[in-house]
Amino acid sequence: MKADAGRRYRLYPTPGQAERLIEWGHTCRALWNVALAQRQFLSTQRGVTLRAAEQCRQLTEARAELDWLADLPAQAAQQVLAHLDRAHANSWNPEHPAGPPRFKKRSGDLSVSFPGQAVAVRRVSRKWAQVWLPKLGWVRFRLSRPLGGVVRNATVRRDGLGWHISFGVATGARPAAPNGLPGCGVDFGVACSAYVSDERSPRLLPHTLTAGERRRLLGLERRKARQVRWAKRHNGGRYSRRLRRTITQIAALRARQARRRLDFTHKLTTDLVKSHGWVGIEDLQVKRMTASAKGTALAPGRNVKAKAGLNRAILDNAPGERRRQLSYKAPWFGSELRPVPPVGTSQTCSACGVRDPKSRHGCGREFACIACGFQTHADRNAAKNIEVLAAGWAVDSTRSHPLVARPARSRMREPLVGAPT
């Protein structure tokens, strides 16, 4: 049985265990980069597609010659090649949004993966447990929630706040029966994080950093810029301990910000699928929406700083992550995700169905229809249009990435009427 759920816990290795995990993380990164470079060379120069099965045989020979590679557990090294296979398969799949695999930077998060057969978990007390990792022994972690199934894989990762371990768990849970609740449309935005069509007020994303944390982050960023400039001029580009400490402090603030953002996203998506029979959202192309406006040297862009600020605001609300969470949470609670085309949802009146850009005055939050005089919050009007589209023309799908709802050809010219006001 494959893993169908994930569990993440805070890991507390000893100083010796943490030092060895750091070495393993860099080894996994180096192995990924070498394996990817080998595949790219054979593909471009010889037209040969190399897979993990062949590279695992080469890995066995390399482990006999390289001590730093032999120190990494064989299961973890094989998982790196298996993940590279999956990354290539996702990039070749036209229905998957992932691009081709890329080389990993040294500044990225460290991670080491193990198959389920190589780890063991035992409970120590009500709030603590231990996991056995190859060549490392028992490592404590905070048991914040039950595992709830059979462990199929484990990944140890370090971010700005410390070490964590994630388990892929096979729970055997099946999709719930349709809950029979009414559906809704949700408009994801920037000023209003989310506006649900059957609610009177928007749901706002709280500040992910306090005022003091924002001032501290600004000061740390300026200090980092000064220290990097000094390192390039006087230290041959080598980072000092003070610079590395500054980078660590910035990473801790960024990790705390990401955790708060993810907490709001989880609460929002869980509440939507639990209280509605289906959820209609816009099929947003986030990558295109957040493309840079700087242009090229021959054709420079305009309002580059303003567009960069807008891009940060869009990504801070994480529309792609919300869609991903809705897609896998909806079957748990008998709900359904229904993406609809975003064209015209913000310019169409939800009362009379007339679409006109003049109904939206600039970037304000008010919508005033020039045809019937209907006035409401602009995002609420868009949410109601999304609800009408999702209710009438949604396409059922059991895939991990549901099909986008498309209007029928015979109804393309009909106005959006019948939406609740």
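## Exercises on a predicted protein chain

Of the 421 residues in the protein chain, 41% are buried (under 20% relative accessible area; exposed is over 50%, and partly exposed lies in between, with a 1.4 Å probe and protein chains only). This is a predicted model, where local features need pLDDT of at least 70 and side-chain atom pairs count only at pLDDT 80 or more, while totals for chains, interfaces and linings use all residues. Residues are numbered from 1 along each chain as its sequence is written, and side-chain values use heavy atoms, with hydrogens and water left out.

**Exercise 1. Get your bearings: find how many helices and strands the protein chain has, and what box its C-alpha atoms fill.**

Step 1. Go through the secondary structure, and you get 10 helices and 13 strands. Both are DSSP runs numbered from the N terminus: helices are H or I with at least four residues, strands are E with at least two.

Step 2. Now the box: along the principal axes, the C-alpha atoms fill roughly 75 × 55 × 55 Å.

Step 3. Residues 24 or more positions apart account for 66% of them.

**Exercise 2. Work out how helices α6 and α9 pack, and which residues meet.**

Step 1. Locate the pair: α6 covers residues 241-274 and α9 covers residues 319-329.

Step 2. Their axes are 9 Å apart, at an angle of about 40 degrees. The axes are lines fitted to C-alpha atoms, for helices over the stretch in contact, and angles run from 0 to 180 degrees between N-to-C directions.

Step 3. Name the arrangement: α6 and α9 are therefore oblique to each other. Under 35 degrees would be roughly parallel, over 145 roughly antiparallel and 65 to 115 roughly perpendicular, with the rest oblique.

Step 4. List who meets whom. From α6 come L262, F264, T265, H266, L268, T269, T270, L272 and V273, and from α9 come E321, R322, Q325, L326, Y328 and K329.

Step 5. Sort that contact by class: 7 residues are nonpolar, 5 polar and 3 charged. Here Ala, Val, Leu, Ile, Met, Phe, Trp, Tyr, Cys and Pro count as nonpolar, Asp, Glu, Lys and Arg as charged, and the others, Gly among them, as polar.

**Exercise 3. Find which residues of α9 are buried, then look at Q325.**

Step 1. The buried residues of α9 are P319, R322, R323, Q325, L326 and K329.

Step 2. They sit on the same side of α9, because they cover an arc of only 165 degrees around the axis. That arc is taken from the directions from the helix axis to the C-beta atoms.

Step 3. Zoom in on Q325: it counts as buried because its relative accessibility is 0%.

Step 4. Skip residues up to four places away in sequence, and Q325 touches L262, T265, H266 and T269. Take H266: it is 59 residues from Q325 in sequence, but 7.5 Å away in space, C-alpha to C-alpha.

Terms used: Contact = heavy atoms within 4.5 Å.
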